[in-house]
Structure formats: structure tokens, C-alpha cells
Amino acid sequence: MEMSCFNQRVFLLTLLLPIVVILVEGQGTRVGFYSTSCPKVESIVSSTVQSHFKSDPTIAPGLLRMHFHDCFVQGCDETTPPNQLLRGYEVIDEGKTQLESVCPGVVSCANILALAARDSVVLTSGASWAVPTGRRDGTVSQSSDANNLPGFHDTVDVQKKKFADKGLNTQDLVTLVGGHTTGTAACQFFSYRLYNFTSTGADPSMNPAFVSQLQALCPQNGDGSRRIGLDNGSANKFDTSFFANLRDGKGILESDQRLWTDNSTKTFVQRFLGVRGLLGLTFNVEFGKSMVKIKNNAIYTIG
């Protein structure tokens, strides 16, 4: 009996064979990889995501984060420990079950997750993109991998280094962080910015009126698990308002707001906003390009 992606993840954690880690460019993936072996793969994944999204829209940002986290630390196959906190495992498992019934042993969890992440963006009003498929699943997951993920305290230089280590440039950094246009963050990850951040009060890079708004939602010593939209006023729609919020001092995470205060990243934020005098960038188009790039540059494991 074929294991679900989730059970496969747990199983792999208990059977760690000798591992060789390699950095690959594409690993032979291509758009339409399953056109003959499993021609309905994209429609099956899409319908599965849509079904779950109708009853729980929060799975959309969860699936997107899950894909990003895995590509960043192991190989786009949902095996990375930080993903245990995200929504959407049931979507991947159901997609896997349905695919096993029509083309057993063909489609990996890695490809299901990549397609589901794309479909999640589309369901939140973002643009679609062609997803190269054909990746194998990784065979290892380690808690230390979480250290490779960008963190909410990270300076821009640290973020740039982490992205560069994955073959991604500064534009990719700003573009992919723009994925925070959907989803939420718990108060515990940013409330420190609201109280005694400096000797005079809150983080000075924040809009004072926005600080007051967040203090009402995340009171000092309050419920740190309460979740707040990362994109103020548009947390359920994939658009450029996230960048407008950075411009206006309304970035929720410190690492996000720093994209506006650092000149090397501010230019890309401005280009996504269409600031006059700069060559504009279309967020929806660039996001798809960067998602393909991070997938193709993922670290993979072979036994």
C-alpha cells in the first residue's frame, strides 16, 4: 500500500540511510514531465486544492510556505521540520491518494506540493505559471535545517546571504518575501517591536498609528499565539499591497520591513509599486519566475 506524503515523511525520519547531498540545476525536470505517464496530474492536484480551499482558505498560504520552506532547506518535498506548524498536509496527502489510484508510484510528493503551491496562488487572485515537474522526493529531514530558513530577526545582509546560497539574487529575495501578501503571523513573532524596542518605545521604522493598532490586537503579555495578517488590509489576496505596506511602515515582521529601509532591496519594492522613474516589475510575473528558480536550485538528497 502506497504511503501518504505525510506518513512517508515520518517513515523517512526513522530510516536514515547513508546520504549524499548535491546541489542540482533542474534535475532533469521539465514542464509536462507527466504528460504521458500521468496526464491528469495537474487537474487532480488543482481540484483537490480547490476543494479544500472552499472550506478553509488558510490552506493557501500554508501550502505556499510549505513549498518555499522545503525548497530552501532540503528539496521541495514537505519533509522539513518547520512545516509541521503549517496548514495543508491533508491537501497533499489527499492529492497523493487520488494520484496513486490512477497512476500508482509515478508522481512524487515534491511535485504535488509544487503544483499545489502554484494553485494556491491562483486561488488567492495571483497569476499562474508553468511548473517544471519530475523531481524525486528527498530522503532526509533534520531539525538543524531550520537554521537555513530566513528568520524574522534577519538583517537584509543575512537574508541576501541565505538566498544567495540557494542561487537566488536580491530581486528573488524581495519577490519571494512578497509571498507574505497572504497569510498570517503569530503575535509572538513581532510583538517585541511594539513594546520597549528602543528606550523611547516601539520600532521607529513602524508607522505610529499602526503600532497602536497592533498593540490593541497583541497586548503586552497577551496571547502570543493570536494570528495577524501579514499584509494589512489584504491578507487573503495575492497582490502588491504588501509592498505598499512596507513603504508605509506597516510591515508586520521586522525582516520584511527592512526591505524598505535597506537601499539594496528598497529599489525592488519601489519597482513592484511602479514608482515613477524606475523600470517597473510585474509582481505576478516575477513571482512565478522566482518560484521556478528556487525549485530548480533546491538541494536534493540521494541514498
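**Close-up views of a predicted model**

**View 1. Asp 231 and its surroundings in the predicted model.** Leaving aside residues up to four places away in sequence, Asp 231 touches His 180, Thr 181, Lys 237, Asp 239, Ser 241, Phe 242 and Asn 245. Asp 231 sits in the loop that runs between β3 (227–229) and α9 (241–247), and with a relative accessible area of 0% it is buried.

**View 2. The positions that UniProt lists under "binding site".** In an unreviewed entry, UniProt gives Thr 181, Asp 231 and Asp 239 for this feature. These residues are spread over 59 residues of sequence, yet they cluster in space, the largest C-alpha distance being 9.4 Å.

**View 3. Thr 181 and its contacts.** Thr 181 is found in the loop between α7 (170–177) and β2 (184–186), where it is buried, its relative accessible area being 0%. When residues up to four places away in sequence are not counted, the residues that Thr 181 touches include Asp 231, Asp 239, Phe 238 and Phe 283. A polar atom of the Thr 181 side chain lies 3.1 Å from the backbone oxygen of Lys 237.

**View 4. The buried and exposed residues of helix α8.** Within α8 (residues 208–217), the buried residues are Phe 210, Val 211 and Leu 214; seen down the helix axis, they fall within an arc of 105 degrees, and therefore line one face of the helix. Strand β3 is among the elements that cover these buried residues, while Pro 208, Ala 209 and Ala 216 are exposed on the other side of α8. At the start of α8, a side-chain oxygen of Asn 207 comes to within 2.9 Å of the backbone nitrogen of Ala 209.

Key. Residues are numbered from 1 along each chain as its sequence is written. This is a predicted model: local features need pLDDT of at least 70, side-chain atom pairs count only at pLDDT 80 or more; totals for chains, interfaces and linings use all residues. Side-chain values use heavy atoms; hydrogens and water are left out. UniProt positions are given in the numbering used here, feature names are shortened, and annotations may be inferred rather than shown by experiment. Helices (H or I, at least four residues) and strands (E, at least two) are DSSP runs, numbered from the N terminus. Buried means under 20% relative accessible area, exposed over 50%, partly exposed in between (1.4 Å probe, protein chains only). Contact means heavy atoms within 4.5 Å. A polar contact is a pair of N or O atoms within 3.5 Å; within protein, one must be able to donate a hydrogen and the other to accept it, and residues adjacent in sequence count only if both atoms are side-chain atoms. The arc is that of the directions from the helix axis to the C-beta atoms.
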